[in-house]
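Visitor: Please take me in for a close look at one part. Then tell me how that part sits in the whole.

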Amino acid sequence: MSQKQQLIEQVIEAWHSLQSQTPLVQCITNSVASNYVANILLAAGASPAMIDNPFEAEDFTKISSALSINLGTPTTEQTQAMLISTKTAQQHQVPWILDPVGYGAILKWRSETVEQLLEFKPSIIRGNASEISALAGSQNQSKGVDSTLNSQDVYAQAKSLLQHTECVAISGESDYIISKHFDSVIQVNGGCYLQPKITATGCALGALTAAYNAVSNPTIAALASHIHFSIAGKLAFEHAQTVGSFNVAFLDYVHMLDDNLIRQYVDIVIL
């Protein structure tokens, strides 16, 4: 069996584990995304819990299967909860995902929070090309929270982030997975240009990555979640070409994905 085929089989195994285990995913995410993220996790087979206050964070993280941290609209209390939960996750071997939304020179407070969070060693860092580039030390400017860079231009410099994490996932027109324990970069193709037109698809992708990390190692988790979204986006667009209808179809295909659809539509390249 080729290396590529082995990866696909591991992704399918992770999908089956997600369905059978229904992992509890604690999401500390932004106010714009919370409802959408919860619906995506439910559709995919996970169990979301949006516990994001510092008074409950430690106790809840201890019982969670995975933790998703998203810096989209941080409040003072929410960032306190992030620091408590990530410290607890590290202490109790709960895998956690960092999505450094808006990281860069302009939003200094949140960027300093991201740097504090890195001390607790996320399993996976996931973001768009501009966020990952900024976090890796580049001076490229991000346009708000939307990426102004091509993910392909960033993956080489993103390798520096492996000092903080097991895996880096960069989303874009094609997605790139960079793993500490994998010599190559994995490119994931598919999806649809309408996905960025829907609020919180990136945030939901981070949370789905956390769900997969509850049932598989970081590399396979990142690969599985990005394949899941890329296939759902591709199939949804075949049935709906306008934003509103596509949004509904995308949620449907996130739910309807199965091992047969993965085998039929997966499009990955080992670089």
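Guide: Start at Leu41. Leaving out residues up to four places away in sequence, Leu41 touches Val25, Cys27, Ala46, Pro48, Ala207, Leu208 and Ala211. Contact here means heavy atoms within 4.5 Å.

A word on the model before we go on. It is predicted, so local features need pLDDT of at least 70 and side-chain atom pairs count only at pLDDT 80 or more, while totals for chains, interfaces and linings use all residues. Residues are numbered from 1 along each chain as its sequence is written, and side-chain values use heavy atoms, with hydrogens and water left out.

Now widen the view. Leu41 is one of the residues with the most contacts inside the largest nonpolar core, which has 60 residues. Leu223, Ile227, Phe250, Ile262 and Ile268 are the others. Helix α9 (residues 218-239) gives this core the most, with 11 residues. A second core, of 31 residues, is separate and includes Leu71, Met82, Ala89 and Leu98. Such a core is a set of buried Ala, Val, Leu, Ile, Met, Phe, Trp, Tyr and Cys residues joined through side-chain atoms within 4.5 Å. Buried means under 20% relative accessible area, exposed means over 50%, and partly exposed lies in between (1.4 Å probe, protein chains only).

Go back to Cys27. Cys27 touches Leu41, and Cys27 also touches Met50. Met50 sits in the loop between β2 (47-49) and α3 (57-63). Its relative accessible area is 26%, so Met50 is partly exposed.

UniProt, in an unreviewed entry, places a "binding site" feature at Met50 and Ala200. Its positions are given in the numbering used here, feature names are shortened, and annotations may be inferred rather than shown by experiment.

Look at Ala200 next. Ala200 lies in the loop between β8 (185-188) and α8 (201-213). Ala200 counts as buried because its relative accessibility is 10%. Beyond four places in sequence, Ala200 is in contact with Ala33 and Tyr36.

β8 has partners. Two strands pair if DSSP finds at least two bridges between them. β8 pairs with β7 (residues 175-179) in the antiparallel sense, over 4 bridges. A hairpin of 5 residues joins β7 to β8. Antiparallel pairing also links β8 to β9 (residues 268-270), over 3 bridges. Val188 is the bridge partner of Asp175, and Val188 stands opposite Ile268 in β9. Ile268 takes us back to the largest core, where it has been named with Leu41.

Step back to the whole chain. Its secondary structure comes to 11 helices and 9 strands. The radius of gyration is 17 Å, close to the 18 Å from the globule rule for 271 residues, so the chain is as compact as a globular protein of that length. That radius is taken over C-alpha atoms, and the rule is 2.2 Å times the number of residues to the power 0.38. Buried residues make up 58% of the chain.

How values were computed: Helices (H or I, at least four residues) and strands (E, at least two) are DSSP runs, numbered from the N terminus.
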